[in-house]
Amino acid sequence: MNTKIIDGKIISGQIKDELKEKTALLKEKGIEVTLAVILVGADPASQVYVRNKKRACEYIGYRSLSYELPEDTSEEELLKLIDELNGRKDVDGILVQMPLPKHIDEKKVTLAISPDKDVDGFHPMNVGALCVGDKGFVSCTPAGIIQLLKRGVDGFDISGKECVIVGRSNIVGKPMALLMLRENATVTIAHSRTKNLEEVCKRADIIIAAVGKAGMITKDHVKPGAVVIDVGINRSEDGKLCGDVKFDEVSEIASAITPVPGGVGPMTIAMLMYNCYEAAIMHMNS
Ligand code: NDP
């Protein structure tokens, strides 16, 4: 089969370039898109994520405000900073890098961010908006997957397709299901208690694997010609980065597939940048 490898680096690059152009136009009107990024502690992976987000801001032409707080920052101090940023007219988006140190309640922090600055799309108001079909910020990874399907597979129409999502987390699986529903797919969500996962997956025209288990989706889960999106980020036994899908064997039967790395990963930051732009437009008009 002539399988299409969906390139997340190219598509995320296109989205960032589109935003760069639109941001230059906003700048001409004196508007600067601003993202506040808060990092608590010195988790090395979080430091890399935050650095990449700041780099993307620089590339597009956003202003980024950086708050790097020590590990022992209290919940109260963090909530106070968020409250301050909520009230600032010159801040469009607020991002608190997760995970937070154990003594801070992540739920409280998520709720503290004003929904109109919640560019991660994690606030229940935004999740609820997605659920009832209102406008709001959409969680970045699932939003990026919709873009991969729309821009990465020529002539592909999500409408009417059978979509199986493996994983039901609040940041990937559940919002993904709602987005696919919005695109008129017929959606099934599978999880650790799903019986006969192979059979369930084999029905799918689109499989989205968001589990976090290296290579658990094999060719036995995939209908020939299906489109396979791999969200997983895992380390294989030899230390290499790999997804939830056995790429070598599945790419032989899928019509299109995302690689790991270079598939879904780069889309998450691109969609965060998209949400920041949308936040700025919303604030400009309010
Ligand atoms: P979670 O651990 O929150 O959720 C994993 C889901 O997989 C759960 O719903 C769980 O089911 C389900 N699951 C576990 N084992 C099985 C199984 N054997 N069969 C079927 N379902 C199973 O993970 P996340 O959603 O946060 O992340 C998933 C993966 O995606 C991770 O590898 C993560 O690193 C990656 N990721 C990548 C991003 C990117 O930008 N590329 C962004 C976010 C995540 P149950 O609910 O029953 O426990």
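The model is predicted: local features need pLDDT of at least 70, side-chain atom pairs count only at pLDDT 80 or more, and totals for chains, interfaces and linings use all residues. Residues are numbered from 1 along each chain as its sequence is written, and side-chain values use heavy atoms, without hydrogens or water.

**Annotated domain**
- An unreviewed UniProt entry assigns residues 139–281 to "domain: Tetrahydrofolate dehydrogenase/cyclohydrolase NAD(P)-binding"; such annotations may be inferred rather than shown by experiment.
- Residues 139–281 are 35% helix and 17% strand (DSSP runs of at least four residues for helices, H or I, and at least two for strands, E, numbered from the N terminus).

**Strand pair**
- E2 (residues 34–40) pairs with E3 (residues 63–69) in the parallel sense over seven bridges, where pairing requires at least two DSSP bridges.
- The chain passes from E2 through helix H2 (residues 44–60) to E3 in a right-handed β-α-β crossover (clockwise from the first strand over the helix to the second, with the strands pointing away from the viewer).

**Cavities**
- There are two cavities of 30 Å³ or more (sets of points on a 1 Å grid over the protein atoms alone where a 1.4 Å probe fits but cannot get out; lining residues have an atom within 4 Å of a point).
- The largest cavity holds about 60 Å³, the volume being the space filled by probe spheres set on points joined across faces, edges and corners.
- Its lining includes Ile94, Met98, Asp118 and Asp120.
- The second largest cavity holds about 40 Å³, and helix H5 (residues 124–132) gives the most to its lining, with three residues.

Definitions and conventions
On a 1 Å grid over the protein atoms alone, a cavity is a set of points where a 1.4 Å probe fits but cannot get out, and a pocket is an open set with protein on both sides within 12 Å along at least five of seven lines; lining residues have an atom within 4 Å of a point.
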